[in-house]
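Trainee: Could you take me through the way such features are read, term by term?
Mentor: Gladly; let us look at the structure together.

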Amino acid sequence: MMRIACSALIALFALSLSSAHAQDAAPQWSLAIHGGAGVIERSSLTPEQDAAYRAALQGALDAGSAVLKSGGSALDAVQAAVQVMEDDPLFNAGRGAVFTAAGRNELDAAIMNGSDLTAGSVAGLTTTRHPVAAARAVMERSPHVMLIGPGADAFAASVGLEQVDPAFFFTERRWQGLVKALTEAGQPVPERPAGAPASPTAPGAQAEIAPPLNEKKFGTVGAVALDSQGRLAAATSTGGMTAKRWGRVGDVPIIGAGTYASNADGCAVSATGDGEYFIRATVARDICARIAAGAATQAAGQAEIADAERLGGKGGVIVMGLDGRPAFAMSTSGMYRGAASSTDPARVAIYADEP
């Protein structure tokens, strides 16, 4: 029944999206973003929390749209939008990332230029403030596509990207999420990270106002864009899974799984979901292959999300085509998301049944 309900929500969202754009002129530029998909229901967020997420999404849209409005590139736009979300503790990326079982924040990101298929990605960063900027630097300032761990941070520092103390990424919400997950699993809880703020239980400490810890969200942020020169780009950034172990890396930094863009195929994709399944389904690349074969962006996204769900993985994708029409598909009850273009005002949404 759950799968049928999710499929119905996807179909409803697809229908409302296509109807809303049926009579629109083709935009000169277009941007779509997401802040993660998951079990996100109206009952799980207070009105204040709902409003906070919508404002955060709007801020990311504003940053990316400003680039595109001024004639900037799709690459600059997706990076600008993602960096805003990396700095916002509401999202599981950058500051606000979840913790590993060892009590660390390990950050992954990727970016891809659809006009020439160049790409860059990073995994396991611990000191670089903006992982998406590091991914772009790998693409443009190194001979490689992916760098990981301390070497990736060292490279980012060597090209002048801002470095921070690991405590910069700490949020009480995510730390308590780790404590809860490890306690329920019967695993030891690591010491509170050095440099972290005092525990809310300490005398004089202030409790953090945050969404509930059981939101079961696949925390990833991403953006896809089409610029006025007809160039596509995609970028994605994440803190991964709470309590992840052994250097786990998900789909986000794997080009073709969580991130992909190709003007030749006519698409840009950023994904959020069960990384292990999205890797196996090569979600982002397969969506582009479907579009290249003639499928509409919405249909391609829906079909691929359905394939991943059949493997056992849930999540969502944002897709941008050369016509500038963004598509959103998900097999979950919600996905933080938004879109704006030269012809349509910015709009944000959270729940699956919102247009």
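**The disulfide and the annotated site**

Mentor: C267 and C288 are both buried, where buried means under 20% relative accessible area, exposed over 50% and partly exposed in between (1.4 Å probe, protein chains only). This is a predicted model, in which local features need pLDDT of at least 70 and side-chain atom pairs count only at pLDDT 80 or more, while totals for chains, interfaces and linings use all residues. Residues are numbered from 1 along each chain as its sequence is written, and side-chain values use heavy atoms, with hydrogens and water left out.

Trainee: How many disulfides does the structure hold?
Mentor: A disulfide is a pair of cysteine sulfur atoms within 2.5 Å. The structure holds one, formed by C267 and C288 with their sulfur atoms 1.7 Å apart. It links distant parts of the chain, C267 in strand β9 and C288 in helix α8 (residues 283-292), 21 residues apart; helices (H or I, at least four residues) and strands (E, at least two) are DSSP runs, numbered from the N terminus.

Trainee: Why is the disulfide of C267 and C288 described as right-handed?
Mentor: Because the torsion about its S-S bond is about 140 degrees.

Trainee: Is T272 buried or exposed?
Mentor: T272, placed in strand β9 (residues 267-273), is buried, with a relative accessible area of 0%.

Trainee: Leaving aside neighbours within four places in sequence, which residues is V249 in contact with?
Mentor: Contact means heavy atoms within 4.5 Å, and on that basis V249 is in contact with D108, A123 and I279. V249 is partly exposed, with a relative accessible area of 34%.
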